[in-house]
Amino acid sequence: MQPPKPPKITAVEVIAAQPTEADSAAIAHLSAELNRSLPQVVNVVKVRLKAKPPATSMGWALYVNDVLIPKYWEYNDGIYFTVLDPQFFAEHKGKRLRFSQNGVDFYDSGVKLPAPAAASKSKSKAAKSTTARLPLQADVLK
Amino acid sequence: MTSLKNPASAGEVQFDTFIYGAPPLAYPVSLSQYAIYNTPDPAYITGRINVSAFANLGASTPWPFSNTNVPLNGHVCVPHGRGPFPLAVFAHGNHNPFENSTPGYLYLCRLLASHGIIAATIDVNFLNGSNFGENDGRAIVHLEHLKQFRTWNNTAPHPLHGKVDLNRILIVGHSRGGEAVGHASFFNRLASIGGVLLDGSAGLGPYRFGLSAVAAIAPTDRQFTPVSGPTVVPDSYYLIHGSQDSDVFTFEGYHTYERAHGVDLANPTVSDGKFRAMLWVHKANHNQFNSIWASETPPGVAMPRASQEEIAKVHLGALAQAVLLDRAEYMDVLRDHGAAVAWDPAGAEFVSQYQDPERFFIQHNQEGLTVPVVSLPVQGTVATDNVVATRQLTALVGGAPTTTITLRLVWSALGSRLLLRVDPSTLPAQLYKPLVLRVGQSTEANNAANRDQDFTLEVSSGSRTAAIPASSLHRLLYPDAPPFGPAKIVMQTLRLPIERLVECGVDPIDLRSIALVFDRRATGTVYAGDLQCSN
């Protein structure tokens with residue numbers, strides 16, 4: 001038998017979306033922890049894959065360079081994760097997305113987190129429009 | 001053990017099996033396997049819970065609900081009689097969400113129910129898919145099912161009113177569900193997780209159940225990590241995993257096991273009162289613990305499914321008998337898998353570990369990556385004779401780096417030895433039943449392939465010495481070749497009865513030295529864990 005191979009990323013995009021009720025609660029909690037106000041925006045990072053990893057238990061942890069993305073989810077064309085603090089993009093822009101199963105051996109996808117312009121653009125758009133004008137996450141993930 | 005009945009044999013208690021669920025659930029055709037939960041037994045209608053703070057549902061599976069209102073679905077086997085009965089609740093792990101994983105543990109539920117245990121297997125399929133990090137959500141779902149049983153227990157005239165013993169609960173999880181039961185054990189004591197209240201005010205919690213033990217079948221580890229750090233399971237912990245597991249192929253649960261009930265360096269003699277036990281099953285794979293899941297290994301690689309299910313029934317059955325039904329004699333199976341040899345499939349090979357709540361470390365090796373020492377409060381010295389003894393943070397079982405130090409012992413001449421001299425006034429061996437050591441061999445070249453390793457354990461008091469072959473206590477198996485990746489070094493617990501030392505003339509009140517004498521194999525490398533007196 002062969003060990004599982006990491007997923008291949010074909011594209012990454014960041015789309016600002018409306019927070020869900022749970023997101024809003026998490027934003028409030030994070031704002032209090034960080035002692036700074038966070039926008040009522042959820043940045044959905046869609047990671048398009050050549051093929052989704054099988055639904056097994058071991059799974060592949062996703063990293064932006066050395067930073068673990070604690071949770072990601074499945075959509076039709078791949079996986080996605082959400083970012084509540086825009087500072088994340090300021091700190092990790094341009095860093096490579098990597099997969100690992102043990103936190104020691106990493107597989108570089110060769111794909112970078114979208115440039116800050118993309119994220120900033122989303123953030124800027126969000127700032128100019130009301131949260132209600134942002135798309136629903138369910139629509140972003142279609 | 002001959003007086004004990006095989007815990008895998010059905011008991012004499014009659015029981016009924018019910019579906020419980022939260023209709024209406026308009027499952028589409030592609031999810032028709034779940035339609036059974038839309039017509040639960042009328043007495044077993046449940047509610048929905050909001051897990052959106054923990055998990056999203058896979059967007060490519062057309063669930064007829066969102067993460068704000070997931071159903072509490074399951075199958076429960078309820079013994080006939082007045083009760084109260086202990087409760088065991090099983091949860092599956094990650095798998096194709098279009099296949100219902102839940103019924104895969106009914107074979108275990110039926111066994112336990114026949115012995116007078118309410119046993120359920122729960123639906124967490126909506127968290128399945130190509131996702132990652134959702135195991136806190138799985139834990140919350142598991143705890144909410146326990147809460148449902150508490151509600152029924154407290155509700156007249158529900159059929160379960162007064163029938164659930166909420167202080168005797170066993171939670172069992174497989175795969176990611178196995179990681180999740182560890183988190184559930186941790187969350188069970190919390191009033192909140194981050195900003196999420198678990199006091200019932202927002203629908204989740206309160207919990208604080210009396211968990212007798214937590215059992216993990218081939219679990220993952222640290223896919224979810226609390227902000228406080230990797231979960232340390234606070235309840236008694238049982239772990240079972242197969243050497244041919246081709247999904248969780250790095251024995252992740254061993255890291256969970258090592259974190260649970262380890263030595264507190266500030267208070268090394270203080271125990272948290274819980275046990276931990278582990279069973280490593282040669283030739284078992286991942287999926288065959290669930291009767292629904294197709295085997296993930298090619299034909300001939302793993303043992304037959306029937307054998308693997310039988311092993312699960314024997315050992316989880318023994319655990320349930322011991323912790324839920326107060327049949328303490330079944331703890332012998334946890335202490336030493338050899339106690340179940342008559343019940344396990346012929347030829348099956350195992351490695352097992354057990355740490356009793358009552359233990360007194362002589363050498364735990366966790367002081368740091370220094371030269372080996374005798375551990376405080378025991379006073380003594382460590383000497384080597386032709387043995388290279390090195391403390392290492394070796395990942396014995398693969399996967400993430402370990403935080404548990406083991407002692408690597410390498411010898412290349414017969415008669416080599418590791419000698420611990422101790423001050424008998426600091427070692428109350430007479431208060432304990434066995435002297436306990438964990439040892440396992442590696443696949444390094446100085447261990448003959450496919451041959452058991454062996455040495456002599458010499459224990460002395462004054463002029464009297466007992467020389468006990470390790471092989472008389474247990475086999476030290478050569479590691480089973482895994483489906484891929486390096487072989488795992490799994491240490492076997494050796495339990496040398498103090499009584500046997502006394503029979504050899506050794507006085508436990510005056511125990512002065514313990515030596516590992518490598519006089520039975522000319523060369524070798526073994527890894528040793530903690531040396532302790534125990535019960």
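I began with B:Pro206, which sits in the loop of chain B between β9 (196-197) and β10 (211-217); helices (H or I, at least four residues) and strands (E, at least two) are DSSP runs, numbered from the N terminus. The bond joining B:Gly205 to B:Pro206 is a cis peptide, with omega about -10°.

This is a predicted model, in which local features need pLDDT of at least 70 and side-chain atom pairs count only at pLDDT 80 or more, while totals for chains, interfaces and linings use all residues. Residues are numbered from 1 along each chain as its sequence is written, chains are lettered from A and ligands numbered from 1 in the order in which they are written, and side-chain values use heavy atoms, with hydrogens and water left out.

**Backbone entries.** I looked up another cis bond, from B:Leu376 to B:Pro377, and found omega near 10°. B:Pro377 belongs to the loop between β14 (359-363) and β15 (380-385) of chain B.

B:His261 has phi of about 60° and lies in the loop between α4 (253-259) and β12 (276-281) of chain B. B:His261 counts as buried because its relative accessibility is 4%; buried means under 20% relative accessible area, exposed over 50%, and partly exposed in between (1.4 Å probe, protein chains only). B:Asn386 has phi of about 65° and is in the loop between β15 and β16 (387-392) of chain B. At 56% relative accessibility, B:Asn386 counts as exposed.

**Whole chain.** I listed 8 helices and 24 strands for chain B. The radius of gyration of chain B is 24 Å, which agrees with the value near 24 Å for a compact globule of 535 residues (taken over C-alpha atoms; the globule rule is 2.2 Å times the number of residues to the power 0.38). Along the principal axes, the C-alpha atoms of chain B fill a box of roughly 75 × 45 × 45 Å. I noted that 63% of the 535 residues of chain B count as buried. For contacts (heavy atoms within 4.5 Å) in chain B between residues at least 6 apart in sequence, 76% join residues at least 24 apart.

Leaving out residues up to four places away in sequence, B:Leu146 touches B:Leu87, B:Val89, B:Ile169, B:Ile171, B:Phe209 and B:Leu211.

**Helix α1 of chain B.** How many residues of helix α1 (residues 106-113) of chain B are buried? I counted 7 of its 8 residues as buried, and the helix is mostly covered. The buried ones are B:Leu106, B:Tyr107, B:Leu108, B:Cys109, B:Leu111, B:Leu112 and B:Ala113. Their cover includes β1 (15-20), β4 (74-79), β5 (85-91), β6 (118-122) and α5 (305-324) of chain B.

**Chain A.** I ended with A:Val41, in the loop between α1 (21-34) and β2 (42-49) of chain A. A:Val41 is buried, with a relative accessible area of 6%. Its C-alpha atom is separated by 8.6 Å from that of A:Ser24, 17 residues apart along the chain.
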